[in-house]
Every structure is written in C-alpha cells, then in structure tokens.
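Subject: Structure for your files

Hello,

Please find the structure below. My notes on it follow.

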Amino acid sequence: INAEYGDSSLSKPYYRCGLALFHLKKFKKAEDYFEKGSNLPDLSPTHKAEFSKWIDNCKKAKQSNKDDKEESSQPNEINTLFDCLKVARKAMDQMNYQCAATIYEQILQIIPTHRESLINLGKISFQAEKYEIATDFFSKALELSPDTDLTIRLADSLFGQKNYKAAATYYKSALPSTTDQQMLEDIKVKLGKCLYLSGEKQIGISFYVSVLQVNEDHFGALFEYGIVFRESGKIKKALKIFLKLLIQRPDNKSVKEQLSITVQEKNGLQLLRQELDQIPPVSATALAFLAMVIKDHGAVFESATLYKEALELKPDNATYCLNRVHVLEVLNEYQEAFLEVKKYCFLNPNFYVSNLTCAHVYNTICYIDNIYEHVRNPPDPNQAKDQSRMLSPRSKEPVSPDTDYSPDELDLLALFCTLVKVIYVVGALDVIVELVKLITPVREGRELHKTTIRNEHAYYCCIAQLMSFHTLPLKRLPVLYVAGDSHSMTPAWQTIKFRGQDHLLQPLLATGLKTWHLRPESRFFPKTNFWNVVPSAPSGSNMIFLFGEIDCREGLVMSVRKCRYKDIEEGATVTINFYIDVLKQLKIQKQYNIYVHPVVPVIDVTRNIVKVFNKVLKEKVLETPELVWLDFFEDLLTPDGEKLKPEFELDGTHMNPKYLRLLELSLIHISEPTRQAEI
C-alpha cells in the first residue's frame, strides 16, 4: 500500500492513501501522499486542484491539532495490509463506516479480489440503503467462493432494490445448504415475503404457514402474517399478533410501527381496547406503555386517548399527565393541555418539588378557564383575583440543591415547565411572570440538563430568559407567523416592521422537528405535529419558516459517518429537498406568502455544518419562485465568520431577540415582497 507510484495513471492510489490516513488523523503522512500525488506528471487540472484542497485540509488539521504528539511519536506507521485491516475492522466495530470504507476501497485498488474488503463494503452499502452497490460487492465476493451467508446477503440486497423475483431465486438457492433450523425458517419467511410482494400472495402466505406449523412463535413469520391480516382488513387478528410480538420484543421498532399503523385503521383503537379487555384488569401501566409506543409512529390521537384512560385510573401520576400534555401539544390542543395541568394540580394539591406544591401552581392559574380567551381579553392587572377558587398550599421547607430530586419529583417539575411552554406558545405572557417566580427557585443550582427532564427544562429556561425582552401587555397588531422548532421561541410575541407597519410575531411550534422528518415515508410524531400546527394559520398568511438546526445538530454528521452520504452537502441537499417540497405544497394548499429563515449558527461545534446547510438552503430557495430567502445569515457572525456575534448570544442554544433587527431589515430590503408568490 505504501509502494511508490511513478505515473499519473496511478494518482488514485495516492489519493486514497491520503484519504485513509487523513481519516485516521495521520495528517503529516496524509499530506505526504497528497503532495506526491499532486506532483505526478500529466495530472489534470481538476485532479491537481483536488490534491491541493486536501493538502490545505491537512495543514489546517495539523494547525488545529497542535497536540499531535501521538502521531509523531509512533514509530510504526500504517504501512502493511495487516495494519490497515486492523484499523478497518476496528472502525467497523465502532460503526465508523466512512473510515472503514476508505481503507477497504484502498485495499481493493491493490488487491481487487480481496474478499473481506468486498464483503464489508457490501455490508456498509447495505446499511446505508445503497442496495445496488451492495449487490455489486456481494456478487463479486460470491463469485470468489460460494457461501450460504453471502447468498442470503445478496438476496437481501436485491430485495432492498424491490427486485423480488431475483431475490427469491437466491433465497431458494440458499435453502439446500442451510442446516441450521432457525436460519432455514428465516429464509423461508424471506422467500414468502418476496413471493407475496411480487403478486403470488397465496404462495407467499403458504411459506409463513409452513414455518408457523413448525414454530408457532417464529417472530418473522408472525410479523409478516400480521401485515397480511392488516392489509386484508382483519384488524383484530393483526392487533392480536402485533401485541404478542410487542411482548416478545418490546424494543423492536418494526413491531411498534406496525402496531401504530394498525391502531390507526378504521375502528383500530376500539378493537385494541377489546383485546386489552380480554385480560382484565387493564392496568394504567399497560395503557401508558401502549400510548408511548404508538405516539412515536404517528398514532397521536389514539395515544392521547390511551393516556387519558391511564390518567383516569391513576390521577396522581405526574408522568402520565406530562406525557398526555405532550401529545396534546402535538395535536395543537393547547387549551386542553392547559386544562389537563390545571386539573392535575387541583386533584393533587399537596404534591411537591422542594417547597413548590401543585396548590401554588394551581392558584396562579385557577381564575383562567380558557387560555385563549384570557389572551384575547386579559384581566385588569390591578383587579384582585377571585380568592374563593384558591387552594391552601401546604407549607414546606425548600430542599438543598445538593439533594437529588426523585423521578416523580422530576416529572412533576417537568409538568410545571411544560405548563410555562404551553402558556407561552398561546401568548398569555402575564401568567408566565408569576409562574417563573415560583419555578425558578426550585430549579436553580441543579444540573437538570443531565436528567430525564432536560428537554422540558431547556424550554423553560429559554422562555424564562426571553421574558425580560417583552413589554406587557402585548399590543394588538397584525400577525406575522413564525413556524419553527424551539428557535421560534425567540421571535415569539416580539414586534417588527413588515410592509410598513408593526406586526406581532406569532409562533407555530413544531417541537423537535427535523426537516428530515418531513419526507413522505416518515411517520415520526414531529411530522404529525407540523401538519397539525402549521396549516392552522389562515389561508394567505405571511409565514416565516425556521427549521433545520436540529438536522445540523443530530442527523447529518452521523449519516455521513455511516456512508449514507459522501459529505455534509449531499446530506443537506437530500433533506432540504424534502423541506422545499413541503413548503411548495403549503403554498398551493394555503396560498401562504413564505419566507425562509436561515438556520441559526448558535452552537460552536455545529457552526460549520450550519454554514453548509444554509448554503444549500439558500440555493434551493432562490431556485424556487414560490419562496423568499431572508438573506441575513452572514450578519449574525463575527467578521471572520467563525463565531456568533456576542450581542446575539442568549443561552448557548438559542438566539437573543436582538437579532430580530436583522430579520426586520431583511424583510424591508425585499422589494415587492409578494412578487415571487404572484409569479
């Protein structure tokens, strides 16, 4: 691998060696290879530029890695095939598929028939859902030496391409050489699925039946049979199977998804309750568990119903109440969410976190029956509250921050924090002032970001800080909507100039939404949240869309590392295309005037990813006549483009409202703001 190459036709090995060493953080050695490659004769300008780019990357990496003593002190450089394989295998174990793939590709340049490299590149491609590439690698490996496991992997790859007949052929060929009974049954189920999906349904089903006759608990056969029942309208039988499988494998994502889909069928929830009633008494724990399972895969209304039943059985359970409130948020039922917390506090007045009781919280909101009506007609702040509704809080000493809260206390605190979030989203800011005074003392000095309630606590802290930027009461003004994730909290209820007059920025919150969630096949509940909340704005509304930061923080890097995409830009392009398609769909359905907000560059470690994401997002928006790009991203950064300007910092995750002057200027600078929408 470290052989010397002397002509430009072999520039690729130098390039691959350099890439492999770069990923292994051997920046000095990587630079040597890129230098040698760039000096080869007859190198094209394009290839020369590529080598130069990576030479610069190596220099930057060395500069940022000043403490690179480990590299310089190691006498044994990676200079043998064995050493490379050790590194590649370790990378596979760590699921760093990008690094492993680079090394295996390098090896195949030298030894095109290296079997391990072919097989593992096939595995990497398969998990990245690049089934055609996986098929090619597995085929080449199979040609070198027949192998049952490889035959099955090849069939799986063909199945992934929906080439069911070809996949069936390979599954059949694997049957005679399979001696393990479990593997034999698994292959028969896969073969049956190929036949079922290729139109030979009865023959496919017969394979499931043959397996179940031998092993009535076979997971795969039961799973596929459940799908057959659901697709043929036999919902009760399908539910019975998926409930059985859920007990067998409570963490299996596919079972949860199929159960959720089945519950959403006509009369699905009613039939589910009938199944549960056959094993009385139905426990609140079982109902809450099922509610949690089906919520994640889009059965949100059904989940809310099950949580309601669980709470009726255990009205003192803060966890059930908290989860029901979260589901009501997804459904855009903020009034019902508010009443649920109010009811819980009334029924459990002496429950407490430190010295804060439910009675204290209830007394703050007891005079509000409809939170939206309160926003429309706020009471006179000088008017005394109706004392007859109030409870008598139990006196209790505060708990030291050194004493950890119990799980129940944490969930109760999370419920209080979520109440603040609910009230903030609907705009009852005067109520939040009083709640913050109650809640802040019981959360201060604690590392709640390391607990199970970190998300609820993060929303609370953000809102509590933002309250200092609001002047109450809010003015009655025309509305400019801001649809977004938690970053929509910063502009929420602020006032900016738009089309020559003041407008109030009203949030349309879709908690936790990635633009990736908007793809057509997704069933994850944030997508349901988006479609329940965003179209609630009246037709023809002016809308700012602020999504994408969570993609930059959580999804893209891992996708590149797993070889789903070659780089961040490719990954960003894929997910942004889904985003743009949805915005165009909303434009058609609701005639919104849509303004696309750049992703905010708040977090230091993701800022470079945000830059790439915004570059692609800007290009896509400018290519789409129906949309308008708000072009102020660079103004958020310091002159060198490396950091967020200090005046725009808030809590390390969200923007300071001071940035809204840039948003306002961007809107002002857009000439003929509806021109694009009218084209």
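Strand 6 (542-546) is mostly covered, since five of its five residues are buried (buried means under 20% relative accessible area, exposed over 50%, and partly exposed in between, with a 1.4 Å probe and protein chains only). The cover is on both faces: Asn542, Ile544 and Leu546 are buried on one side, and Met543 and Phe545 on the other. Helices (H or I, at least four residues) and strands (E, at least two) are DSSP runs, numbered from the N terminus.

This is a predicted model, in which local features need pLDDT of at least 70 and side-chain atom pairs count only at pLDDT 80 or more, while totals for chains, interfaces and linings use all residues. Residues are numbered from 1 along each chain as its sequence is written, and side-chain values use heavy atoms, with hydrogens and water left out.

Two strands pair if DSSP finds at least two bridges between them.

Strand 6 pairs in the parallel sense with strand 3 over four bridges, and Ala483 stands opposite Phe545 of strand 6. Strand 6 also pairs with strand 7 in the parallel sense over four bridges; there the bridge partner of Ile544 is Tyr595 in strand 7. Strand 4 and strand 5 (residues 501-509) pair in the antiparallel sense, again over four bridges. Lys497 has Asp502 of strand 5 as its bridge partner.

Contact means heavy atoms within 4.5 Å. Axes are lines fitted to C-alpha atoms, for helices over the stretch in contact, and angles run from 0 to 180 degrees between N-to-C directions.

A helix pair

The axes of helix 14 (residues 235-248) and helix 15 (residues 253-263) come within 10 Å and cross at roughly 155 degrees. Helix 14 is therefore roughly antiparallel to helix 15 (under 35 degrees counts as roughly parallel, over 145 as roughly antiparallel, 65 to 115 as roughly perpendicular and the rest as oblique). The contact is made by Ile235, Ala238, Leu239, Phe242, Leu243, Leu245 and Leu246 of helix 14 with Val255, Lys256, Gln258, Leu259, Thr262 and Val263 of helix 15.

Backbone points to check

Most residues other than glycine have a negative phi, and most peptide bonds are trans. Asn267, not a glycine, has a positive phi of about 65 degrees. Asn267 sits in the loop between helix 15 and helix 16 (268-277) and is partly exposed at 45% relative accessibility. Cys563, also not a glycine, has a positive phi of about 70 degrees. Cys563 is in the loop between helix 27 (549-561) and helix 28 (568-590) and is buried, with a relative accessible area of 15%.

Leu472 and Pro473 are joined by a cis peptide bond, with omega about 0 degrees. Pro473 lies in the loop between helix 25 (454-466) and strand 3 (479-484).

Regards
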